[in-house]
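Work through the exercises below with the sequence and the coordinates at hand. Each task is followed by a solution in steps.

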Amino acid sequence: MDFTLEETQQAVAEAAAHVLGQYQHKGERGDDYDRALWKELGQAGLLGLAVPERLGGGGLGVMDTAVLLTEIGRRAAPVPALATLMMGVVPVTRWAGRGLQGHLLSGVAAGDFLLTAAVREPSEPMPPVPATIASERDGTVTGVKIGVPYAAVANRILVPATLREGGTTIMGIDPAADGVSITRTPSSTGAPEYTLRMDEVVANTMLGARSHGRAVADLYQCTLAGACCLADGALAGALALTTEHVATRQQFGRPLATFQAVAQQIADVSIASRTLHLATLSACWRLDTGREAGPDLDVAAYWLADQAPAALRTCHQLHGGTGMDVSYPLYRYSALVKDLVRLVGGADYRLGVLGARVAEEASDVR
């Protein structure tokens, strides 16, 4: 299969690299995220890639958003791209009507309107039948979600819920609405995450109530795809940083890269990075083209949860003491990957999901 980026996607990558390259030399992080950088991404037309053209966006899709997220991960930039774009804009464009799209997406392209999604529950990272309960009749939602990114600064939160009337849906709520309680919880990067408690909260919007669970499943798949894209970029960025370090760092009068053990470790990291990249690219392509993306997403998410942390540990080891310095960029990549591993549920959980899928497919064949 040929996964060469199309011309538009190459242009997205170049524009993102230009804006984010400037960030490395200027800009300061705010309390929650780098607002100046977020605005610059909006001015470059990058935040509206998947927003419909009639709303001032590019009318593009998953693949173009994936390219942007990969570049953001490559620099571990502190912006709410995963939450707003892949967990927010993409599901809304796929499941909301024109009027609802206008309500939820106006202002996103300029960086003035933030979205996020509350996909995790205390019992399971992404439950197909959420414990959170909603009522289609009165439009309320009750339940607890954990690890909700940027919940306090988001304008709307998408909440997967089980309907009392049967089925599942995605409720859109205002974090400032009555009945909403938000408690900040720790993260490795310092990016804001929250426990969200809802007690008969009146929702502003409802998506996919008649989709027979497909809207909730699609939101989860978009979340996995976005997390894998960020991790793909982060691992590639860490690999480039480490490769440069061992090529220039001298030991016993020779560059570290000339030692066989070091070369083997770099090769292992390169294999992990390349595998994650290809699995992620394949999954995003299938999601973008309407094909079944579940198997590829399960592989990519497992590789992220199981192999990316080990690869980052190798990068730290090869840097020696330099890799432990918080003023050096490497820690940002490892911290980002740790947060993404929690988001997708961890290695054991992802292995269980992947194993269940393989067993189901084998049963179907028999």
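A residue is called buried under 20% relative accessible area, exposed over 50%, and partly exposed in between, using a 1.4 Å probe and protein chains only. The model is predicted: local features need pLDDT of at least 70, side-chain atom pairs count only at pLDDT 80 or more, and totals for chains, interfaces and linings use all residues. Residues are numbered from 1 along each chain as its sequence is written, and side-chain values use heavy atoms, with hydrogens and water left out. Helices (H or I, at least four residues) and strands (E, at least two) are DSSP runs, numbered from the N terminus.

**Exercise 1. Positive phi**

Task: Locate H212 and E200, and classify each by accessibility.

Solution. 
Step 1. H212 sits in the loop between β8 (205-207) and α6. Its phi is positive, about 55°, although H212 is not a glycine.
Step 2. The relative accessibility of H212 is 75%, so the residue counts as exposed.
Step 3. E200 belongs to strand β7. E200 is likewise not a glycine and has a positive phi of about 50°.
Step 4. With a relative accessible area of 38%, E200 is partly exposed.

**Exercise 2. Helix α3**

Task: Compare the span of α3 with its expected value, then decide how far the helix is enclosed.

Solution. 
Step 1. The expected span of a helix is 1.5 Å times one less than its number of residues.
Step 2. Helix α3 (residues 62-74) has 13 residues, for which 18 Å is expected; the distance from its first C-alpha to its last is close to that, at 18 Å.
Step 3. Because 12 of its 13 residues are buried, α3 is largely enclosed by the rest of the structure.
Step 4. After α3 comes A76, with a positive phi near 50°.

**Exercise 3. The pair α1 and α3**

Task: Describe the relative direction of α1 and α3, the handedness of their crossing and the residues in contact.

Solution. 
Step 1. Axes are lines fitted to C-alpha atoms, for helices over the stretch in contact, and angles run from 0 to 180 degrees between N-to-C directions. The axes of α1 and α3 come within 9 Å and cross at roughly 30°.
Step 2. Angles under 35 degrees count as roughly parallel, over 145 as roughly antiparallel, 65 to 115 as roughly perpendicular and the rest as oblique. The two helices α1 and α3 are therefore roughly parallel.
Step 3. A crossing is left-handed if the near helix is turned anticlockwise from the far one by less than a right angle, and right-handed if clockwise. The crossing of α1 and α3 is right-handed.
Step 4. Contact means heavy atoms within 4.5 Å. On the α1 side the contact uses T8, Q9, V12, A13, A16, A17 and L20, and on the α3 side M63, D64, V67, L68, E71 and I72.
Step 5. By class, this contact of α1 with α3 has 9 nonpolar, 2 polar and 2 charged residues. Here Ala, Val, Leu, Ile, Met, Phe, Trp, Tyr, Cys and Pro count as nonpolar, Asp, Glu, Lys and Arg as charged, and the others, Gly among them, as polar.
Step 6. An α-helix has 3.6 residues a turn, so residues three or four places apart point the same way.

**Exercise 4. Helix α4 and its partner α5**

Task: Check the span and burial of α4, then describe how α4 packs with α5.

Solution. 
Step 1. The 15 residues of α4 (residues 81-95) should span 21 Å at 1.5 Å a residue, and the end C-alpha atoms are 20 Å apart, which agrees.
Step 2. Of these 15 residues, 12 are buried, and α4 is thus mostly covered. Among the buried ones are G88 and P91.
Step 3. The axes of α4 and helix α5 (residues 98-105) are 9 Å apart, at an angle of about 165°. That makes the two helices, α4 and α5, roughly antiparallel.
Step 4. The crossing of α4 and α5 is left-handed.
Step 5. The residues that meet are V89, V92 and T93 in α4 and Q101, L104 and L105 in α5. By class, the contact of α4 with α5 has 4 nonpolar, 2 polar and no charged residues.

**Exercise 5. D339 and T189**

Task: Classify D339 by accessibility and list what it touches beyond its sequence neighbours.

Solution. 
Step 1. D339 is in helix α9 and counts as buried, at 8% relative accessibility.
Step 2. Not counting residues up to four places away in sequence, D339 touches S187, S188, T189 and E193.
Step 3. T189 lies in the loop between β6 (180-185) and β7 (193-202). At 27% relative accessibility, T189 counts as partly exposed.
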